[in-house]
Amino acid sequence: MRKVLILILPLLVFAACDDSPVFPETPAIEFISITPDEVPQLTTDGLTLKFRYQDGDGDLGYEGTDGTANLFVTDLRAQFINNPGRTSAYSIPSLTPDTRKPSIQGEIEIQIFSPLYEPSEEPLIFEVYMVDRAGNVSNVIQTDPVTITP
């Protein structure tokens, strides 16, 4: 019995030191919410976007304040399809923990301050994706619709 314990103990130690990612190295995001669900037209009231993220190698965000864009939010309304300002770029700070395990997950909440919400019969829907430091592009998510009221 003692020989069996001696063999099992080193295996447990090596298993505890496993640094392999729990998630794929390409980031994945999942929509949680956008609030409020109604905004008055011709205001710049902020919207709060909340989503989950996972990244197998933990390289989301950038150190310091270099301002590198890594989160992109696009207004999908058809009437603004040719407007170059319909995509907003955000810089998310480094989400990499100081631990040995590279895989990370959590929630991000950002404020979207848009130009004046122009009158539109279409609801306001955003498309969102992230890019990690290795250049891996996440999946693309869409928000629930936000109504622009007169």
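Here is a chat about the words used to describe this predicted model.

Reader: Before we start, how do you know what counts here?
Author: Residues are numbered from 1 along each chain as its sequence is written, and side-chain values use heavy atoms, with hydrogens and water left out. As this is a predicted model, local features need pLDDT of at least 70 and side-chain atom pairs count only at pLDDT 80 or more, while totals for chains, interfaces and linings use all residues.

Reader: What makes up the chain in terms of helices and strands?
Author: You'll find 1 helix and 9 strands, running α-β-β-β-β-β-β-β-β-β from the N terminus on. Both kinds are DSSP runs numbered from the N terminus: a helix is H or I with at least four residues, a strand is E with at least two.

Reader: Why is Pro24 called exposed?
Author: Its relative accessibility is 59%. Exposed means over 50% relative accessible area, buried means under 20%, and partly exposed lies in between (1.4 Å probe, protein chains only). So Pro24, at 59%, counts as exposed. Pro24 sits in the loop between α1 (2-16) and β1.

Reader: And what does Pro24 touch, not counting residues up to four places away in sequence?
Author: Asp55 and Gly56. A contact means heavy atoms within 4.5 Å. The C-alpha atoms of Pro24 and Gly56 are 4.7 Å apart, though the two residues are 32 apart along the chain.

Reader: How do you know that β3 and β6 pair?
Author: Two strands pair if DSSP finds at least two bridges between them. Strand β3 (residues 47-55) and β6 have 9 bridges, so they pair, and they do it in the antiparallel sense. Leu47 stands opposite Ile112 in β6.

Reader: Which sheet is that part of?
Author: An open sheet of 3 strands, in the order β1-β3-β6, with antiparallel pairing. What makes β1 (28-35) and β6 the edge strands is that each pairs on one side only.

Reader: Why is the contact between Arg52 and Glu30 called a salt bridge?
Author: The rule asks for a side-chain nitrogen of Lys or Arg within 4 Å of a carboxyl oxygen of Asp or Glu. The closest N and O atoms of Arg52 and Glu30 are 3.6 Å apart, so the pair qualifies. It links distant parts of the chain, with Arg52 in strand β3 and Glu30 in strand β1, 22 residues apart.

Reader: How many salt bridges does the structure hold?
Author: There are 3. Another one joins Glu107 and Lys50, at 3.5 Å from N to O. Here Glu107 is in strand β6 and Lys50 in strand β3, 57 residues apart. Asp75 and Arg77 also meet in a salt bridge, at 2.6 Å.

Reader: What makes a group of residues a nonpolar core?
Author: It's a set of buried Ala, Val, Leu, Ile, Met, Phe, Trp, Tyr and Cys residues joined through side-chain atoms within 4.5 Å. The largest one here has 24 residues, and Ile110 and Ile112 touch the most other members. Strands β1, β3, β4 (71-75), β6 and β7 (126-130) each supply at least two residues of this core. The contacts of Ile110 include Leu47, Leu49, Val73 and Ile92.
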